[in-house]
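Have a look at the structure first, then we'll go through the contacts.

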Amino acid sequence: MIEKALSGDVRAMARLISEVENETARSEKIMREIYPHTGKAHIIGVTGSPGSGKSSLVNRMIASFRGQGKTVGIIAVDPSSPFSGGAILADRIRMQEHSGDPDVYIRSMGSRGSLGGLSKSTYEGALILDACGKDIVIVETVGVGQSEIDVVKIADTVCLVLVPGMGDDMQIMKAGIMEIADLFVINKSDRDGADKVAAEVQLMLKMFHDGTGWYQPVTLTSAETGSGLEELSDTIERHRRYLETSEEGELRLKRRLQWEVEEIVRRRIAKATELAWDRRQEESVLENLYRKETDPYRVAQDVLVSALDEVRSGQYV
Amino acid sequence: MSDRKIRVVVAKPGLDGHDRGAKVIARALRDAGMEVIYTGLRQTVDQIVDTAIQEDVDAIGISILSGAHHHYFKAIIEGLAEKDAKDIIVFGGGVIPEADIPSLTEMGAGAIFGPGTPTSTCATWLKEAVAKKREAE
């Protein structure tokens with residue numbers, strides 16, 4: 001299946017993503033095998049509040065990249081219900097005009113409990129698209145608030161989409177989401193107040209920029225009319241070249257690799273502890289705790305030790 | 001710890017513009033814990049088939065009020081077969097006369113739910129159908 005996907009078979013590629021998303025027994029093997037094929041695509045993150053027009057903007061971006069002859073993969077994340085675990089994934093409604101194009105692959109994902117704006121498997125999904133030969137991979141986050149910034153960990157270029165009417169300039173000075181943008185996009189520029197938002201963002205950038213490195217550009221767009229889209233794709237290309245020609249590109253890749261390893265470690269420990277804890281509970285440890293025959297710290301220590309024993313025995317490789 | 005969600009495309013083929021039924025069923029399947037890829041109105045057969053394959057879904061639910069149910073079911077089922085995706089379940093609802101149901105199921109439709117069907121009936125049926133399909137894999 002992996003070979004089929006790498007040679008461009010859409011069904012096989014879609015299946016690989018599902019395996020990884022469902023964390024099946026094969027998922028780790030899949031990621032290890034595709035790993036040598038990754039690293040060619042430019043990963044673009046598109047984030048912003050709900051209803052700011054991210055999907056429509058992505059739809060336009062697909063068209064401009066296709067115009068340049070590039071192949072495009074998209075992963076669009078929408079929130080999963082914290083109650084039922086279900087989700088309505090409706091980002092691709094805005095992109096359906098591209099569904100017949102064999103060089104465009106669109107995949108919707110539910111956030112499945114993750115709170116950073118992506119799902120746990122979004123990055124793996126992007127890597128699979130990269131390995132399967134997509135030149136551009138666009139990751140669209142769920143509609144975010146002020147602090148869902150996971151996209152910055154996985155994207156080469158982060159586009160933050162703002163719209164008129166979002167508040168005064170103090171909103172722009174706040175920490176969190178405003179800090180992760182490589183480029184600002186003021187969408188719905190045909191509406192009143194777009195110029196004002198753009199001016200405020202620009203002023204803030206000027207005030208706080210240290211004068212070195214990348215200067216975040218602000219682009220006014222209208223996903224509805226398509227205005228500003230050419231400028232946006234030029235800006236994205238300029239950022240890609242900046243990453244290639246400065247130390248920043250290498251720095252980011254190394255940071256991403258570090259995060260990736262940490263993430264794998266965290267997941268394995270979580271899995272192992274979960275199993276170890278389940279086993280402990282079968283041994284009526286809760287009953288013992290209830291009767292104060294032991295304490296939670298001692299139990300936690302025991303769980304960790306048996307979890308690490310399991311990791312050592314290599315059950316999770 | 002594998003949590004294999006049921007994924008479904010809900011689509012409305014053709015030109016009629018009434019999508020309330022499709023939205024009701026999408027929401028009901030969401031509340032039953034499924035991931036519903038909602039593609040909106042006026043989808044072509046090719047769009048529906050391509051979407052189902054790209055999204056690696058277990059099933060396609062289509063809503064048809066126009067009377068063209070024979071045409072769309074046939075085209076979608078054939079389209080899936082052509083792309084080596086016969087295993088994807090196709091079911092539907094809308095205004096479909098009872099008398100037409102046998103010929104649709106013969107064609108390969110998994111189930112047809114008429115107006116007034118409780119949404120839970122549909123979700124329960126789909127869960128069972130997907131479980132059976134996965135067993136066969």
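What follows covers the two domains of chain A, then the interface between chain A and chain B.

Keep in mind that this is a predicted model. Chain A is assigned two domains, with domain 1 covering 1–245 and domain 2 covering 258–313. Chain A also touches chain B, with 33 residues of chain A in contact with 31 residues of chain B.

**Domain 1 against domain 2 in chain A**

- The C-alpha centres of domain 1 of chain A and domain 2 of chain A sit 36 Å apart.
- On the contact count, 9 residues of domain 1 of chain A meet 5 residues of domain 2 of chain A.
- Together, domain 1 of chain A and domain 2 of chain A bury about 640 Å², with carbon and sulfur atoms giving 46% of that area.
- Who gives up the most area on the domain 1 side? That would be Lys120(A), Tyr123(A) and Lys153(A), which together make up 50% of what that side of chain A buries against domain 2.

**What holds hands across the domain interface**

- The rule picks out 2 salt bridges between domain 1 of chain A and domain 2 of chain A.
- Arg268(A) and Glu28(A) pair up through their side chains in a salt bridge, at 2.4 Å from N to O.
- There are also 3 residue pairs in polar contact across the interface of domain 1 of chain A and domain 2 of chain A, both residues being at pLDDT 80 or more.
- On the side of domain 1 of chain A that touches domain 2 of chain A, helix 5 (122–131) and helix 6 (151–154) of chain A each bring at least two residues.
- Helix 5 of chain A has the largest share of that domain 1 side, with 3 residues.
- Sorted by class, the side of domain 1 of chain A that touches domain 2 of chain A comes out as 4 nonpolar, no polar and 5 charged residues.

**Chain A against chain B: area and make-up**

- Chain A and chain B bury about 2,600 Å² between them, and carbon and sulfur atoms account for 46% of it.
- Within chain A, the residues losing the most area to chain B are Arg11(A), Ile88(A) and Gln96(A), together 23% of what that side buries.
- The polar tally between chain A and chain B is 23 residue pairs in polar contact, both at pLDDT 80 or more.
- Helix 2 (10–21), strand 3 (87–89), strand 4 (104–110) and helix 10 (247–282) of chain A each put at least two residues into the side that touches chain B.
- By class, that side of chain A has 11 nonpolar, 12 polar and 10 charged residues.

**Strands that pair across the chains**

- Strand 3 of chain A and strand 2 (residues 35–38) of chain B run parallel, joined by 3 bridges.
- Within this pairing, Ala87(A) is opposite Glu35(B) in strand 2 of chain B.

**Salt bridges between the chains**

- Side chains of opposite charge can pair when their charged atoms come close.
- Arg92(A) makes a salt bridge with Glu55(B), with 2.8 Å between the closest N and O atoms.
- Why does the pair of Arg92(A) and Glu55(B) join two chains? Arg92(A) lies in the loop between strand 3 and strand 4 of chain A, and Glu55(B) lies in the loop between helix 2 (45–54) and strand 3 (59–64) of chain B, so the pair joins two chains.

Terms used
Residues are numbered from 1 along each chain as its sequence is written. Chains are lettered from A and ligands numbered from 1 in the order in which they are written. This is a predicted model: local features need pLDDT of at least 70, side-chain atom pairs count only at pLDDT 80 or more; totals for chains, interfaces and linings use all residues. Side-chain values use heavy atoms; hydrogens and water are left out. Domain bounds come from an automatic or database domain assignment. Contact means heavy atoms within 4.5 Å. Buried area is the accessible area (1.4 Å probe) that two parts lose on being put together, summed over both. A salt bridge is a side-chain nitrogen of Lys or Arg within 4 Å of a carboxyl oxygen of Asp or Glu. A polar contact is a pair of N or O atoms within 3.5 Å; within protein, one must be able to donate a hydrogen and the other to accept it, and residues adjacent in sequence count only if both atoms are side-chain atoms. Helices (H or I, at least four residues) and strands (E, at least two) are DSSP runs, numbered from the N terminus. Ala, Val, Leu, Ile, Met, Phe, Trp, Tyr, Cys and Pro count as nonpolar, Asp, Glu, Lys and Arg as charged, and the others, Gly among them, as polar. Two strands pair if DSSP finds at least two bridges between them.
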